[in-house]
Amino acid sequence: MELVASCLWESWIFLLLCGPLLAFGFYCAYVHVVHLRYDHIPGPPRASFLFGHLSYITRQKWDNGKILQDVFLEWAKEYGPIVRINVFHRASVILTSPESVKVFLMNPEYKKDPLIYSKIQNLYGERFLGRSLVSELDHELWRKQRRILDLAFHRSYLMSLMGTINEKVEQMMAILEAKADGQTEVCMQNVICSTIYDLSAKILFGMESNSSVDGQNPFLLEIQSIMEGMALMNNPFSRFSPGKRKLINKTRESIRCLRQMGKEWIQYRREAFQNNQEFPPDVIMQLLKGAGSETSCNQVLLTLMELQRHPKIVERLRAEVDEVIGTKKNIEYRDLGKLQYLSQVLKEVLRLYPPVTGTVRWLEKDTVVDGFLIPGCTSLFFSTYVMGRLEIYFEDPLTFNPERFSPEVFKPNFTYFPFSLGPRSCIGQYLSQMEVKVLMAKMFQRLEFQMVPGQSFGILDSVTLKPKDSMICTLKPREGRKISLVMKDVSGLPS
Ligand code: HEM
């Protein structure tokens, strides 16, 4: 009896010791099978059997100010339009041919990647974007939401927003002009982000917030902390790292705080509606939380940064603004279409520095793409950053040249998509470009900017792409500019 008990005991110990080893062995065998299924697709050598290319994805610092997207760019140049990446038992591909962009982004059949978008629905266990327009995975539910929200971005409604845009940007101009003594250092990141936030709050929710004036903006601080938390998502181990605990807890707290703000805003709007007060077509909370203010703000900052290196382009921009806007304070909707060179500059900025570098789709079934069989259940990465910097699509791609977007120049289709393409493209594209144009036009109409030395021209890829430094500038009034003080016809609508 004792012998049996001791045998049983020993086999338990044996199992206890061998179980994890066996499980690990099975897992390695599974990883090996995954490698066999994908290894016909070109890609860089794996740094390790298990971790695959994880070290590239989680690496924080690269030499010469490179970002992860630059590594993808090098791979696209070396391995072609389809590149395999492995991380543990998962394989994904980066696709950079116009044909694949067309097929996968234009066709609603290809859904957003559930592995990635479910993570932003619930971030570290806190409901974040939930099932919002950006993160909804069910096509039918998304389509219903989008149909309603499209009304709020209709051209006629956007035209009626010119008054609000002029008013909020004028508030910003007053702050900047008061500091335009050629010496005071101004953090452009704070001023621009607060202004765009005030604008979004007013346009989307009818909420009056004057953060650009009083310098207080809890919303932006919360967003910043959430972005920092989101940037950690690249690293699957960050959740378990004691060093990151504090940041993850702060992210959770910021999400809760933001949801509370959202509830209060919606409550305010509901009451306004019940009291029969007037309000513009409604747009739900997620619009603002999702992509709105951060991306537009980054676009303006990246433009200011890049233009520091191109005085000739600035001169031409000023000439155009002088011709179209002159000295008037109120920019009208019809003026925006005439600012052709400014549009080209903004498009070129989005080519080299897209605030949203790309998007991800989910391939359900085995499919042949660019001559290679991609097994089903694979994430497909599309990067406008990478495609915008490939010589095969854009001649001399690293040169900032707004001429490539002039109407006469041929542009290859499906190689440039800073707002994504197809049904899931950005709903706020036209609104954001209206805001950005008014902002830029007013700044070039009246001010000269000088970046304070010691800052770099580097960029940071932390969920969205932005300048590495906060764009601290000194400002001067433009020589010989006199601005008329009367604001006429603020609606901007043609009479
Ligand atoms: C320069 C500014 C902006 C850029 C570069 C930008 C870029 C993008 C991109 C690339 C997507 C696709 C995301 C994906 O595939 O996951 C997107 C989607 C979206 N954007 Fe923007 N965006 C900007 C401004 C805005 C603004 C101002 C708003 C709101 C007012 C907004 C609201 C949205 C929404 C709701 C979606 C999801 C659309 C859908 O799936 O139906 N964006 N944006």
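Trainee: What makes a residue count as a protein donor of the iron atom of the ligand, and which one is it here?

Mentor: Please keep in mind that this is a predicted model, in which local features need pLDDT of at least 70, side-chain atom pairs count only at pLDDT 80 or more, and totals for chains, interfaces and linings use all residues. Residues are numbered from 1 along each chain as its sequence is written, and side-chain values use heavy atoms, with hydrogens and water left out. Donors are N, O and S atoms within 2.8 Å of the metal (3.2 Å for Na, K and Ca), and because water is not among the atoms, sites may look incomplete. The SG atom of Cys426 lies at 2.3 Å from the iron, so Cys426 is a donor, and the only one from the protein.

Trainee: Why is cysteine 426 called partly exposed?

Mentor: Buried means under 20% relative accessible area and exposed over 50%, with partly exposed in between (1.4 Å probe, protein chains only); cysteine 426 has 34% relative accessibility, so the term partly exposed applies.

Trainee: Which residues is cysteine 426 in contact with, leaving aside its neighbours within four places in sequence?

Mentor: They are Arg146 and Phe419, where contact means heavy atoms within 4.5 Å. In an unreviewed entry, UniProt lists Cys426 under "binding site", although such annotations may be inferred rather than shown by experiment.
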